[in-house]
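Thanks for coming. I will go through one model today and keep to what can be computed from it.

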Amino acid sequence: MKAFLLRMYDIYEFLVRFYKEAFLPPYEYKEIINQFFDVGIRSLSIISLTGFITGLVFTKQSRSSLAEFGATSWLPSLMAIAIIRALAPLVTALIVAGKVGSHIGAELGSMKVTEQIEAMEVSSTNPFKFLVVSRILATTCILPVLAAYMGLVGMLGAYVNVHLNEETSFTTFFQAAFVRISFVDIGVLVFKSAVYGFTIGFTGCFNGYYADHGTVGVGRAANMSVVVSMFLIFVEEMLIVQLVNSYLH
Amino acid sequence: MATEPTQTSFKKSPGTIDRNNAVISLRGVYRSFGDMPVLKGVDLDVFKGENVVVLGRSGSGKSVLIKIIVGLLLPDSGTVRVLGLDVDNLAPRELRQLRSKIGFSFQSSALYDGMNVRANLEVPLVRNKRNLTRKEIDEAVAQVLDDVGLSQTINQMPSELSGGQKKRIGIARTLILHPDIMLYDEPTAGLDPVTSEEINALINQVQQRYNSSAVIITHDLTCARFTGDRVVMLSDGNFIRQGSFDEVFASDDTRVQNFYNYNFIIKA
């Protein structure tokens with residue numbers, strides 16, 4: 001119990017320090033931009049692939065149920081709701097947690113156990129600002145972009161399936177799809193993704209920054225970064241959906 | 001006393017030591033980890049222009065000592081004054097300013113794996129001197145690489161360097177801020193005798209070129225003999241002997257003699 005409470009205090013302290021360091025100058029512009037590209041580009045190919053497959057397969061699986069009621073014409077709007085409101089932010093977050101979160105945990109963890117973080121401290125460089133703030137800002141800002149991109153690619157996958165079965169045109173499909181989508185849905189996608197991005201960056205950085213026990217600690221940091229951030233993403237998804245359904249829809 | 005270890009390298013020539021100007025001053029420094037006391041009331045003065053070698057067995061608290069000097073660890077009790085400032089009472093910003101005057105060479109070199117040599121050297125420079133032009137940064141990088149004799153490695157990654165080269169680049173990274181004090185943690189550990197000799201020579205060259213003071217943590221007697229103006233021996237959490245190399249090892253204390261003899265047997 002004592003260890004748990006101490007851990008909670010460490011997390012609180014890390015969070016407070018993040019906000020303090022993020023807003024106080026000097027700013028690590030160059031490193032933040034590097035991380036933007038790093039996080040974005042590293043995830044782009046896998047997000048394109050999974051987004052397309054998700055849209056395609058989800059449409060295929062939904063078709064038979066809707067066909068029973070003669071409602072296959074609802075497929076575009078159903079897919080738009082499913083992808084924009086739920087699948088795009090969630091699947092993107094899970095992929096980035098696995099790919100980027102583990103990388104951040106392992107990278108910072110190995111820097112910690114090989115004294116590279118201490119080397120920054122003694123060379124009068126602020127390692128928290130350089131390593132932690134830049135990565136958390138990058139994941140927080142890039143995830144909404146990636147989720148929006150995955151939404152579009154997912155809709156393309158859905159269109160391919162619909163087009164192959166009903167020979168629906170591109171314009172007709174997307175007009176039907178976005179009838180049920182409002183700016184609130186887009187806003188919620190951006191908000192949710194930003195929350196997930198912050199969670200991934202924060203969890204990865206926290207676990208890496210406090211890694212110990214040599215290479216075992218590095219492995220544990222990478223593993224914990226993925227497991228904890230995925231768990232938190234599902235909890236946050238549940239809470240955000242409850243809030244959105246209560247107040248916005 | 002057993003036969004002396006041999007050395008043919010660059011020998012430290014006596015520099016100017018200002019005995020009235022202590023750049024590092026430790027008084028009654030006590031530090032423990034859990035129930036295990038590591039330092040038990042250590043007193044130490046390091047004067048301007050002086051190289052002090054701290055000798056001791058592995059686990060005797062040598063590395064803890066220099067981490068306390070640079071503020072990476074705090075003492076449980078006692079005072080640590082560096083360049084006239086109480087290290088344990090400084091605000092983070094003040095501590096960063098103080099650290100810009102201290103160079104710390106890690107045992108593992110601690111080069112940033114994800115950056116090439118140039119970027120490694122630029123990290124402390126651009127964050128401590130924010131108004132430098134690109135040309136000035138390039139010149140400073142070229143200068144320190146030249147000082148450590150590794151100009152050709154500027155675009156290499158740390159993984160492409162040998163152990164000795166990593167040590168030199170680690171030292172170059174600290175020199176780029178022209179520190180008043182250098183702290184070396186086991187500078188020759190894990191290196192072959194020839195490379196160790198080169199590192200010893202480099203430590204002396206740095207001291208003379210930059211007129212810096214240094215604390216050198218080592219268990220290598222050759223390094224101690226040829227880089228130290230003064231040698232202090234750490235054992236059981238206290239300094240049991242200090243003076244010139246010959247004075248320290250003229251002691252009849254069995255701990256000192258055992259340390260000397262085992263070191264010599266290994267080298268022989």
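Predicted model: local features only at pLDDT ≥ 70, side-chain atom pairs only at ≥ 80, totals over all residues.

Residues are numbered from 1 along each chain as its sequence is written, and chains are lettered from A and ligands numbered from 1 in the order in which they are written.

Chain A comes to 8 helices and 0 strands. Helices here are DSSP runs of H or I with at least four residues, strands are runs of E with at least two, and both are numbered from the N terminus. The C-alpha atoms of chain A fill a box of roughly 70 × 35 × 35 Å along the principal axes. Of its 249 residues, 44% are buried. Buried means that 20 or more other C-beta atoms lie within 10 Å of the residue's own, exposed means 12 or fewer, and partly exposed is in between, with C-beta atoms placed from the backbone.

Next, the two chains together: 10 residues of chain A are in contact with 17 residues of chain B. Contact means that the C-beta atoms, placed from the backbone, lie within 7 Å. On the chain A side, the residues divide into 2 nonpolar, 5 polar and 3 charged. In that count Ala, Val, Leu, Ile, Met, Phe, Trp, Tyr, Cys and Pro are nonpolar, Asp, Glu, Lys and Arg are charged, and the others, Gly among them, are polar.

Now chain B. One open sheet has 6 strands in the order β6-β7-β8-β3-β9-β10, with mixed pairing. Two strands pair if DSSP finds at least two bridges between them. Strands β6 (102-105) and β10 (238-243) of chain B each have a single partner strand, so one side of each is left without a neighbour in the sheet. Inside the sheet, β3 (51-56) and β8 (213-218) of chain B pair in the parallel sense over 5 bridges, and N51(B) stands opposite A214(B).

Helix α6 (193-210) of chain B lies across β3, β7 and β8, at about 165 degrees to β8(B). Such angles run from 0 to 180 degrees between N-to-C directions, with axes fitted to C-alpha atoms, for helices over the stretch in contact. Among the buried residues of α6(B) are I199(B), L202(B), I203(B) and V206(B). The buried residues of this helix pack against β3, α5, β7, β8 and α7 (221-227) of chain B. After α6(B) comes N211(B), with a positive phi near 50 degrees.

What does helix α4 (134-147) of chain B span, end to end? At 1.5 Å a residue its 14 residues should span 20 Å, and the end C-alpha atoms are 20 Å apart, which agrees. The expected value is 1.5 Å times one less than the number of residues. Buried in α4(B) are A140(B), V141(B), V144(B) and L145(B). They cover an arc of only 130 degrees around the axis, which puts them on the same side of α4(B); the arc is that of the directions from the helix axis to the C-beta atoms. The face turned away from this buried side carries the exposed K135(B), E136(B), E139(B) and D146(B).

Last, the other sheet of chain B that I want to show: 4 strands, open, antiparallel, in the order β2-β1-β4-β5. Strands β1 (18-33) and β2 of chain B pair over 10 bridges, and V29(B) has V42(B) as its bridge partner.
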